[in-house]
Amino acid sequence: MQAIYVNIKTVLLILGFLTFLVQNTTAQNGEYGWRVGFGTGFMDYYGDITSESYKKSLKNHYKNAIDFDANRGLSYMVTVERRLSPGLTLAFAGTKGIFAASDRANTQSLYYARALNFETKLTDLDATFLWRSDGSLLGERFPIAPYIYLGGGATQFKVHGDLKDASGNFYNYADVVAPVLDGNYETDLTNIGTNPGGKYATIVPHVTGGVGLRLRFLNILSLHVQTDLKYAFSDFLDDAGSTAYPAKYISPEQAFATSPNSTYTGPRAKTDNWGDMYAFTSASLRLSFGRKKEGFTPPIFYASALDTKPAEELKLIPNEVKVGNQTIVIYDTIKVIR
């Protein structure tokens with residue numbers, strides 16, 4: 001696939017709806033207006049070097065996250081949130097992640113003979129609107145609360161491939177005995193020339209959405225477990241976005257990266273019109289701060305009307321009463337008889 005087209009009208013309608021929603025939401029912050037967090041977890045990807053369906057890939061993603069495979073690189077995330085209303089939060093997140101895939105990971109794969117592999121390291125930034133059930137349905141002091149979010153951002157990526165063995169020789173995929181990859185992604189594949197359409201952008205927009213669960217420990221501390229699903233407006237996060245092959249090669253690395261197995265004659269990429277997607281399941285600790293200061297309007301007390309006689313006098317006696325961090329004065333009315 002050479003290009004991915006975005007329906008601009010649809011994007012404008014979504015942005016207009018979100019703007020309307022924010023402008024018409026009562027700006028009532030909860031007990032704390034800000035929240036920051038740090039988390040870690042695992043990324044997986046769905047694209048041209050994936051043999052499973054999208055649903056099966058997502059299922060495997062959760063299975064791998066639970067298994068906590070030590071051979072997979074950890075990804076990291078920082079978040080900053082600003083509460084707009086009891087149920088709506090504007091969240092900003094920065095993620096530094098890594099994911100990898102290989103045609104040779106599954107011997108039953110339709111693309112086993114193609115023999116492509118890659119590892120992608122990326123950094124992304126996004127902004128999302130987060131709908132919180134603890135603010136809108138359950139109450140913010142509820143100990144466990146789910147939430148959903150939707151937004152978008154930008155992804156910067158770099159792709160590497162494991163093309164050579166420990167001795168520096170290209171793997172021989174034409175051999176009867178399948179080579180065992182050493183897991184060292186030594187070759188930079190980013191715009192190495194595998195795409196006959198020319199260089200592709202390495203900073204691309206993405207849309208994101210996801211679900212999460214908040215577990216509240218203290219007033220200011222909570223644990224969040226969530227899954228981000230991100231769709232990148234690029235088909236080259238795996239350096240395999242074009243079904244065609246280059247007309248000529250200018251280096252052995254370019255030739256081998258394009259077609260590691262000379263016996264494979266099929267398309268280099270899938271023929272669908274989808275970009276690459278990746279999922280990030282993480283656990284993070286988040287700290288709330290910026291407690292809202294409520295103004296206090298003292299009540300007004302009215303003394304009862306009293307009929308006074310010449311020998312009687314009314315006096316007001318002030319009494320100071322502590323209310324929160326403030327002091328108010330309440331006047332008592334007494335009758336003095338002379």
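Trp 34, Val 36, Val 80, Phe 92, Phe 217, Leu 218, Ile 220, Leu 285, Leu 287 and Phe 289 make a nonpolar surface patch of about 870 Å². The model is predicted: local features need pLDDT of at least 70 and side-chain atom pairs count only at pLDDT 80 or more, while totals for chains, interfaces and linings use all residues. Residues are numbered from 1 along each chain as its sequence is written, and side-chain values use heavy atoms, with hydrogens and water left out.

**Nonpolar patch**

- Strand S1 (32-46) and strand S9 (277-291) are the elements that give two or more residues to this patch; strands (E, at least two residues) are DSSP runs numbered from the N terminus.
- S9 supplies the largest share, three residues.
- Patch residues have over 30% relative accessible area and no salt bridge, and nonpolar side chains (Val, Leu, Ile, Met, Phe, Trp, Tyr) are joined within 5 Å.
- A salt bridge is a side-chain nitrogen of Lys or Arg within 4 Å of a carboxyl oxygen of Asp or Glu.
- Accessible areas come from the Shrake-Rupley method with a 1.4 Å probe, and for residues only the protein chains shown count as cover.

**Phe 92**

- Phe 92 lies in strand S3 (residues 88-102).
- Phe 92 has a relative accessible area of 42% and is therefore partly exposed (between 20% and 50%).

**Cavities**

- The whole structure contains five cavities of 30 Å³ or more (sets of points on a 1 Å grid where a 1.4 Å probe fits but cannot get out).
- The second largest cavity has a volume of about 120 Å³.
- Of its 14 lining residues, the closest to the centre are Ala 91, Ala 93, Thr 128, Tyr 149 and Gln 226; lining residues have an atom within 4 Å of a point.
- Strand S2 (75-85), S3, strand S4 (117-132) and strand S8 (221-232) each give two or more residues to this lining.

Terms used. Patch = residues over 30% accessible without salt bridge, like charges linked within 9 Å, V, L, I, M, F, W, Y side chains within 5 Å. Helix = DSSP H or I, 4+ residues; strand = E, 2+ residues; numbered from the N terminus. Buried < 20%, exposed > 50% of the residue type's maximum accessible area, 1.4 Å probe, protein only. 1 Å grid on protein atoms, 1.4 Å probe; cavity = no way out; pocket = protein on both sides within 12 Å on 5 of 7 lines; lining within 4 Å. Points joined across faces, edges and corners; volume = space filled by probe spheres on them.
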